[in-house]
Amino acid sequence: MASVIPDPSLTRIATRVTPDLIHSLHQAESSVLCLAADDGNIYTGSQDGQICVWDKETFRLRAIWRHTSGSILALEYAPDRQWLFSASGDSTIRVWDTRTLRALWLLHPHLETENGDLYSLAWCAQTQTLYFGCQDTSLQWFSFSSITSDHRPQEALMSSGRSTPTSRKAHKFFDSYPQYTRRPADLNARNPTCGAACLPSSSLSTTPPSSSTTGSATPPDSCMHSDLLKFPSAVFQVPSENVIYSAHYGYVYCMALLPSNREGSDDPPFTKGGGHHMQLVTGSGDSTVKVWQLPDEPSSHAAPKLLHTFDCDAGAVIALVVRGDTVFAGCQDGLVKVWDLETRTLVRTLLVVENVDILSMTLLHSDLYVCSANGDVQRWSSSFELTGSWQGHDGIVLSSIVTRLPSRSSRKDDIFTLVSGGNDDMIKIWGVTPPTPTSHSLSDVSAFDKHTDVLSSQRDILVYGLTKLVSIQSVSNSPTHKEDCRQAAIWLRKCFTQLGAEASLLPTGDTTNPLVLATFHGTQTSSTKPRILFYGHYDVISARREGWLSEPFNLTGRNGYLYGRGATDNKGPIMAVACAAADMLEQRALGADLVMLIEGEEESGSGGFVETVKRHKDTIGHIDAILVSNSTWIAEDTPCITYGLRGVIHCNVEISNQGPDLHSGVDGGAAREPMSDMLRLLGTLTGEDSKVAIPEFYDSVRPVSAEEKQGYKVLSSVTQTPAKLLAARWREPALTVHNIEVSGPKNSTVIPSTVKAHVSVRIVPDQDLETIVSALKTHLQTQFDKIQSPNRLDVTIDHMADWWLGSLDDRWFHALEDAVRDEWEIDPLRIREGGSIPSIPYLEKEFACHALHLPMGQSTDQAHLPNERISLTNLRRGKRVVERFLSNIAEVLQR
């Protein structure tokens, strides 16, 4: 029996809920190619060139508009004008008045029928411009800014010169004469193959529905009168300057505006100014998605500017939807490519149905509805979980929209529906509900605006913002949470922007999380402003529910503490620093530029951090000092300033015989065992006094000064810890064997063929990192050679970080120390730590300035452990310390 091939999709699947089918509409022998809706009607464009108008409340057919003999390929509703645009396979666009159900105008693209089918439409209300994509690969647009619904041909000729009386131009093929006549095409050719496409425009009428013409299961509305149906009153022509030829290298199948103006979108409305521009996203048969910046003013001749091209590499892009900074591109072969506009990187590839084209997509807030050529409709959540899947049609699902139905209840709640159309001649109306907003949804950041005065309520925003940030499970070492990490970066960027910063995301690579770069600009003065770089990280380690008294990713207040993963390491300090800068901005008291550089890979080795900082160093700009807050006090009640960290070298030592695992009952005593060699080798690394036995290892260690000894005595009295033990933890080097791994099943009868040990070395001033690495490798190889083993030794270095020692005598340190003293009314303790933060010494060297380390949390904050927490008092007063520090340094430079 052949094995069952599993579904290749790697997406997590959540509980699936199928929506209720509210109503079905049937139009006989006419595939539903496109859909649109307004407050009262649903409009369906069909393959036979008709547009059916269905009443939302009664689901009855109100009218049928006959466009042409060409298929209706796209519909676009303009709510500000109450117009409906229809694009056809005959290379024309018609404009309809949805209030009176009248045909208004006919729009010809430039070159008319040579453009081929018109596949996509997008209405920009800000500039009163209609954009459309053509089969000939061009992007065209037409401005309606000076046109009203009562526009007439004579008025048009007098005012704009862009419209003509309603007469059809000769078609070079359908109106052609036999080639031997050598006559140009004209309307008198009477080509019998032309059919309805060659009829004069006066024949292209709009008629009331009848059961004989529609085959609809719903009888026509008896109140619909034919005398309301009029012919187009004018014909417009797209001028040549309103064309981008070869906008793509394939048919322009789809387009969408950014921010989205579709019904069901939760994107905030577009606000002009502040460097913001409307954007147009287009998708094509050339497998690319292009982003265009649209002109700000309603000028008919201003052209969109190409900003970026995404290569989907997955066949034609047939459907597009956008939300926030994310573009979803539905492609052939069942793939949805998810692109991040900020970093211009591919976020995710959703495998919907393998080898089945995706023909339509729509969004209801963060829920993505995907319609496929096999008749399936799927719903995907913002975390890319498949939350619904059902057979929508008995054929191909060709179109879909989200729209509201009129509410019959006194509450007048919105009733959202998903409307889908297929080649089974059916329109299905499904009851759908918006997803419950997650605490880090794109719309949640705007909830800051619900405060009466955002910047005067920083204390509330500090906790509120931290609640949101902690709820995002930004676990960097888990592929499952990769999208959560990206959402955390996006959330922070939006948060910083609302607090007054200029913020952006910096991509670090395809497999690593982006950096968040935000600059709070200080008040402009005649003197030079200092520039402080705050470094932090938004990623966290994992948090299993076991051991926690509350949900790890739900910030919980209890007895004066805020509990949650990341509360102290490092999300709490990030929010405190950002709110400090925002508060000073509001008071016009920020006399320095605060640059925040927040990474998302600190807990996983800071992959891509160094390269990204180097690449964007000019964007970051000149830096005078670096501020870090990524540790805790050594006690509960006395504030501290950290001025030193040890460096670290992580090393893997592997011994193998390059053969199979053996049985100790068969080969024990006869084989040279790698485990025995490993134990002998590791024993040479330390002496009987636990000192590191590597030659010349201690030669460069900086001696303890008298001042430092006195400092340890003070700290010993505060912490009730012997001074010698504090020195051993903070300022003496050390070597640790963490674990030993073996090949094979790990039971007591197996002689493993491969044994691997994980060793770390902590280094201190003034040991040289590369020198110690070289000495460690040399020592291991030398000692292994002495035992004359036939086995093989491999030594690899996984990770390195240099030690860091701050300056206690410069103005930056004194400014911070004064700030802590003034806030807490006590001299802060000067402490060191035994751990390592690789980014601190790197940033010091890269920007040629000193770093400062301000701990905010207490020694019992449980970072990386269950019930991680931070004191609410420490968080708020830590914010005020940062405010005092920024004020102090501004005053120092002005002296």
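This is a predicted model: local features need pLDDT of at least 70, side-chain atom pairs count only at pLDDT 80 or more; totals for chains, interfaces and linings use all residues.
**View 1. A salt bridge between Arg 531 and Asp 593.** The structure holds 30 salt bridges, and one of them joins the side chains of Arg 531 and Asp 593 at 3.1 Å, taken from N to O. Arg 531 belongs to strand E34 (residues 531–537) and Asp 593 to strand E37 (residues 593–599), so that distant parts of the chain, 62 residues apart, are linked by this pair. Arg 531 is buried, with a relative accessible area of 15%, and Asp 593 is likewise buried, with a value of 6%.

**View 2. A salt bridge between Glu 654 and Lys 756.** Here the side chains of Glu 654 and Lys 756 meet at 4.0 Å, N to O. Because Glu 654 lies in strand E40 (residues 647–656) and Lys 756 in strand E44 (residues 754–763), the pair ties together parts that are 102 residues apart in sequence. Glu 654 is partly exposed, with a relative accessible area of 24%, and Lys 756, at 26% relative accessibility, also counts as partly exposed.

**View 3. A salt bridge between Arg 880 and Glu 823, and the network around the pair.** The side chains of Arg 880 and Glu 823 form a salt bridge of 3.0 Å, N to O. Since Arg 880 is part of helix H15 (residues 872–894) and Glu 823 part of helix H13 (residues 811–824), the contact ties together parts that are 57 residues apart in sequence. Arg 880 counts as partly exposed at 29% relative accessibility, whereas Glu 823, at 5%, counts as buried. Both residues belong to a network of salt bridges that also includes Arg 877 and Arg 884.

How values were computed
Residues are numbered from 1 along each chain as its sequence is written. Side-chain values use heavy atoms; hydrogens and water are left out. Helices (H or I, at least four residues) and strands (E, at least two) are DSSP runs, numbered from the N terminus. Buried means under 20% relative accessible area, exposed over 50%, partly exposed in between (1.4 Å probe, protein chains only).
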